[in-house]
Amino acid sequence: MNQRGMEAGAQAEGLMIAVEQMVRYVRHSAVAGGLSTAASAAIGRLGREGPYRLSELARAEGVSQPNMTQLVTRMERAGLVRRVADHNDGRAVLVEATDSGLEVFRQRRAERAQALDLLIAELTEPEQQAVRTALPALARAIQDRQAHD
């Protein structure tokens, strides 16, 4: 690998470390509902995207179906989700967030947004502008890539 390629690799690694630190910090700032990381991710997905079949939710979250079944059962007992019939397929069941689950989702999202706002406020004005430009651009690139996959 040439010098330029090694420098780009080092920059990408540094950026990856920064992203991981930011995500970890922002995630740990959300405490509403006292959810585990897995429960927070699942309720977040249901809050953003709507109902899922249990198997699809497990696949989307990268966990086994038995693990997702246990997680959904715990969240159901806590009143955060419910299982409902799939109107398109009478044999299938969907998992959807309840009003309480959606409220926890909204609270957690607000807590994460506040944590990110506090981080950004510590930056210089040019750095703040760079973040406000770069993060939406990266999100758009992710969406474009997912649309093509």
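Visitor: At what angle do the axes of α2 and α5 cross?

Guide: Roughly 105°, and the axes come within 9 Å. The two helices are therefore roughly perpendicular to each other (65 to 115 degrees; under 35 is roughly parallel, over 145 roughly antiparallel, the rest oblique). Axes are lines fitted to C-alpha atoms, for helices over the stretch in contact, with angles from 0 to 180 degrees between N-to-C directions. This is a predicted model: local features need pLDDT of at least 70, side-chain atom pairs count only at pLDDT 80 or more, and totals for chains, interfaces and linings use all residues.

Visitor: Good to know. Which residues of α2 and α5 make the contact?

Guide: From α2 they are S40, I43, G44, G47 and R48. From α5 come G101, L102, F105, R108, R109 and R112. Contact means heavy atoms within 4.5 Å. Residues are numbered from 1 along each chain as its sequence is written, and side-chain values use heavy atoms, with hydrogens and water left out.

Visitor: Staying with α2, which of its residues are buried?

Guide: A39, S40, A42, I43, G44, R45 and L46. Buried is under 20% relative accessible area, exposed over 50%, partly exposed in between (1.4 Å probe, protein chains only).

Visitor: And what covers the buried residues of α2?

Guide: The cover includes the helices α3, α4 and α5 (99-121) and the strands β1, β2 and β3. Helices (H or I, at least four residues) and strands (E, at least two) are DSSP runs, numbered from the N terminus.

Visitor: Let me pick on A39. What does A39 touch?

Guide: L71 and M75, not counting residues up to four places away in sequence. A39 has a relative accessible area of 5%.

Visitor: What about L46, what is it in contact with?

Guide: Setting aside neighbours within four places in sequence, L46 is in contact with P51, Y52, L57, V81, V95, E96 and A97. L46 also belongs to the largest nonpolar core, where it is among the residues with the most contacts.

Visitor: How many residues has that largest nonpolar core?

Guide: It has 18 residues, and alongside L46 the ones with the most contacts inside it are M68, V72, M75, L80 and V81. α2 (37-49), α3 (54-61), α4 (65-77) and β3 (89-97) each supply at least two core residues. A nonpolar core is a set of buried Ala, Val, Leu, Ile, Met, Phe, Trp, Tyr and Cys residues joined through side-chain atoms within 4.5 Å.

Visitor: How do α3 and α4 pack?

Guide: Their axes are 9 Å apart and the angle is about 110°. That makes α3 roughly perpendicular to α4. On the α3 side, L54, S55, L57, A58 and E61 make the contact, and they meet Q65, M68, T69 and V72 of α4.

Visitor: Now the strands. What is their order in the sheet?

Guide: The order is β1-β3-β2, in an open sheet of three strands with antiparallel pairing. β1 (52-53) and β2 (81-86) are the edge strands, each pairing on one side only. α2 packs on this sheet and touches β1, β2 and β3, its direction making about 110° with that of β3.

Visitor: How many bridges join β2 and β3?

Guide: Six, in the antiparallel sense. These two strands form a hairpin with two residues between them. Opposite R83 stands V95 of β3, and opposite V84 stands L94 of β3. Two strands pair if DSSP finds at least two bridges between them.

Visitor: And how many for β1 and β3?

Guide: Two bridges, again antiparallel. R53 has L94 of β3 as its bridge partner.

Visitor: Last one: D86, is it buried or exposed?

Guide: Buried, with a relative accessible area of 9%. D86 lies in strand β2. Leaving aside neighbours within four places in sequence, D86 is in contact with R53, A92, V93 and L94.
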